[in-house]
Structure formats: C-alpha cells, structure tokens
Amino acid sequence: MNSFLKISNIWKYYSGRPVLKDISFEVSRGEYFVVLGPTGAGKTTLLKILAGIVSPDKGEIYIDGKPMVNVPPEERGVGYFPQFFNLFNHMTVWDNVCFPLLVKGIDIVEAEKICKEMLSLMHLLDRADSYPYELSGGMRQRVALARALATGAELLLLDEPLSQLDAKLSVELREELKSIARSLGRTVVHVTNNVEEAVELADRIAVMNNGYIIQVGSYDELRRKPKNLFVEYFLSDVNVFRAYVLDPHDGLLRSSSDVCFKFRVKPLCEDASSLLRSGGEVIVCVDSDVIVLDPPSDSGWNVFDAIVEEVLFHRGGYTYILKTCCGATKIMMKVMDEMEVGIGCKVKVGFKTSDARIYDVSEYDSILYHGG
Ligand code: DCP
Ligand code: MG
C-alpha cells in the first residue's frame, strides 16, 4: 500500500485506564478513510493524537514517511476540524477563514482567493460579513469546515464534521465533502458514529469500539465478513437471538428468553459448526432484509406466524417490527416497498436456515455496552 498516513501500535491512557489499545492502520494518499464507532470508543482521542494535540503513551505516527510523534501540531501539515470547534466570535465569517491563512504567511491576494473558493464550496459566500453569533449551528459548522479545508493541508482530520447539520443538509454535504476532498486531492480521516454517513463517504471504514480498531475494510467487506458480533450489529439492522442448542446435528435451537421460539440454523463454516454444542448457548444473527413474507415451507426455511406491531419508514424502505404468535420474540423485517399488511395483521414470515450467522455467547456483552 502506498500509505500516506501510517500509525502503529498507539496506546493512550487516561487516569491509568487505556482508552486507545494498540491502534494500527494505514491510509493511502487520496483515500477517504472513516473511523466509525459508538460514543466513548476513543475516536476523538485518536484524532487529537494524529493532530498532535494529545501525545500517545506508546506508538508511532508517520505522515508521508516522516515520524510525527514529537512534531508540534502546526508543523504536521494537517487541517483539523475539532468535534467541539471554536470560531473567532469577534470576526466575520470571511475573517474566520482568511485570518488563519494570513497568520500562516500566505499573501493576501492568494489568501482571499482561497477564502472565496472555500466559502463558495460551503455555500457561505453570501454570509461572509456575518458574525458567528448571527449564524445557525449548521452554518457555524460549515465555517469551521471551510477553515479546515482552507489550510491547504494534504491531510484533513475531521471529527464529526456533519453532526450539527439537519438531516437533509448533512446528506447533501456528505456528497460535496467527498467530491471536494477528491477534487482538491486531500487525504481524509473522518470520524463519525453515523453508519449511513460512513457508508456513503468512505473508501474504507475502520470500526472502533472500546479503544480498539476492530476491523478495517470497505463496507462490502465488513458486511460480508464481519470479524465479530459487534461489527455486524453496529453496521446493520440485524436480528440478534440468544439461544440454547437443542440438537447440534440438526442445528435446532431454542431462544434463551422465549421457550416457544425454536428455529434451525445451517452453519456455513467449520468455526460456526463448532459453536453448536449440545446444551450450549450461542448468539444468532439474521439480517432484517433476509426475512421474507410467506416463505416456502420446506426444510431449508424457518417459518413463523407473527403479528405486525410497528411499521417504520426510513430512507431506503420500511422496517416492520413483528411479534411471533408462539411467544414474544420480536423480529425485524426490512423491505424496500410498503407491504399490504398494517399494524395488527397476522403474517407468515421466515428466514433460510443458511442465512443465520452464529457467534460465541461471550460476544454478547460487546453489543450491550458501548463504552460511553
Ligand atoms: N477520556 C478521558 N479523559 C479525557 C478524554 C477522554 O478519560 N481527557 C475518556 C472518555 C472515554 C474515552 O476516553 O471513555 C474515549 O473518549 P473519546 O472522546 O475519544 O471518545 P469518542 O470521541 O469516541 O466519543 P464521542 O463519540 O462521544 O465523541
Ligand atoms: Mg468524539
């Protein structure tokens, strides 16, 4: 890999507690790299270490092949957008973007040219004379973004840059941010807890939890081969069933919390098969978009009667929350088009035995506790 940013074996402790644990990854030149994780995962700490604001306790950072750990922030050649950014309140939008360029020694003609370009990209030119307190939260966020882009730094470190925008603007800016980064030839490390944002922006995603980078890959790779239950659970709307093994040969399981909810699984690999031990407990994941209405009644399928409890509309389709008639297990079914069954209707639904993925029960804790 032609890596532009390389970080190896970074550790960081706060009050004796590790918050970054042996973090290593590489980002290639021009890549849009997204670090995705729940609150408290350590994302901001990681970005501050890359920006040079916080020192790691162990580990190395290289930008364009040069070691960075002892280099001060202003000499690292990075544009940093902090999660809790500050604007200069006594300066106009224009000066907020232009002033740091002048401080860096860029001549005024060039600085004004860059400033105009960045404010235009962020749709802020008509507010150039406004003061920060005259702007909405979303506009202030865009000023801070324009300022980070204006630095001209090849490496951009963006900590939740779209979090204060309303949903529509956030979606619009996502697309623009990626094309701006691409057209300006920037390498980006973008931190977020928003899966949709990560999927739309990222060339590759690093999934982070509890101080660890758990897996790095394209969204497709992460979805096809999630390294553990956490990655699977965090990235997609998945049904998670905790279940006892009744018959390992037949793959017959019974829900741990609902004695009436029994189903079969057909493990697709040796590792998954070996988790099926008689009397043992496992975690089973079934994607919400592989649950189907009126499934065939053959041995390759699990079939249940259920009642529609809730119908949720979202970008890209509908999610039906179903409650099995035999017990009280909830099943989430995601479909593209609205179905002709409303709340309270009885339906037959099911999933293929081979669509169930099996995890060790010890992984359950990782999806209950998100660090915080
Ligand atoms: N932490 C700490 N002392 C600090 C900063 C952080 O003890 N000065 C702890 C709080 C968290 C962990 O470190 O347990 C990671 O904090 P981060 O702010 O790095 O976490 P995120 O950025 O991932 O969280 P969020 O999504 O809420 O911004
Ligand atoms: Mg943070």
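Contact is defined here as heavy atoms within 4.5 Å. Helices (H or I, at least four residues) and strands (E, at least two) are DSSP runs, numbered from the N terminus. The structure is a predicted model, in which local features need pLDDT of at least 70 and side-chain atom pairs count only at pLDDT 80 or more, whereas totals for chains, interfaces and linings use all residues. Residues are numbered from 1 along each chain as its sequence is written, chains are lettered from A and ligands numbered from 1 in the order in which they are written, and side-chain values use heavy atoms, with hydrogens and water left out.

The protein chain contains 10 helices and 20 strands. Its C-alpha trace spans about 75 × 45 × 35 Å along the principal axes. Of the 372 residues in the protein chain, 47% are buried; buried means under 20% relative accessible area, exposed over 50%, and partly exposed in between (1.4 Å probe, protein chains only). Among contacts between residues at least 6 apart in sequence, 65% join residues at least 24 apart.

Helix H2 comprises residues 93–103, and its buried residues are Val93, Trp94, Asn96, Val97, Cys98 and Leu101. These buried residues pack against two helices, H3 (108–121) and H4 (137–150). An α-helix has 3.6 residues a turn, so residues three or four places apart point the same way. Just after H2, glycine 105 adopts a positive phi of about 95°.

Two packed helices are described by the angle between their axes and the distance between the axes. Axes are lines fitted to C-alpha atoms, for helices over the stretch in contact, and angles run from 0 to 180 degrees between N-to-C directions. Angles under 35 degrees count as roughly parallel, over 145 as roughly antiparallel, 65 to 115 as roughly perpendicular and the rest as oblique. A crossing is left-handed if the near helix is turned anticlockwise from the far one by less than a right angle, and right-handed if clockwise.

For H2 and H3, the axes come within 9 Å and cross at roughly 135°; the two helices are therefore oblique to each other. The crossing of H2 past H3 is right-handed. On the H2 side the contact is made by Val93, Trp94, Val97, Cys98, Leu101 and Leu102, and on the H3 side by Ile108, Ala111, Glu112, Ile114, Cys115, Lys116 and Leu119. By class, this contact has 11 nonpolar, no polar and two charged residues, where Ala, Val, Leu, Ile, Met, Phe, Trp, Tyr, Cys and Pro count as nonpolar, Asp, Glu, Lys and Arg as charged, and the others, Gly among them, as polar.

The axes of H2 and H4 also come within 9 Å, but cross at roughly 20°. H2 is thus roughly parallel to H4. The crossing of H2 and H4 is right-handed. In this pair, Val93, Asn96, Val97, Pro100 and Leu101 of H2 meet Val143, Ala146, Arg147 and Ala150 of H4. The classes represented are seven nonpolar, one polar and one charged residues.

Helix H4 also holds glutamine 141, which is buried, with a relative accessible area of 1%. The side chain of glutamine 141 reaches the backbone nitrogen of glutamine 164 at 2.7 Å. Beyond its neighbours within four places in sequence, glutamine 141 is in contact with Phe81, Phe85, Glu160, Pro161, Leu162, Ser163, Gln164 and Leu165. One of these residues, glutamate 160, is found in the loop between strand S7 (155–159) and helix H5 (167–183). Glutamate 160 counts as buried at 9% relative accessibility, and its phi is near 50°, a positive value in a residue other than glycine. Most residues other than glycine have a negative phi, and most peptide bonds are trans.

Two buried residues in strands were also examined. Asparagine 302 lies in strand S16 (residues 301–314) and is buried at 6% relative accessibility. A polar atom of its side chain lies 2.7 Å from the backbone nitrogen of arginine 264. Threonine 319, in strand S17 (residues 317–324), is buried at 5% relative accessibility. The side chain of threonine 319 makes a polar contact (a pair of N or O atoms within 3.5 Å; within protein, one must be able to donate a hydrogen and the other to accept it, and residues adjacent in sequence count only if both atoms are side-chain atoms) with the side chain of histidine 314, at 2.8 Å.
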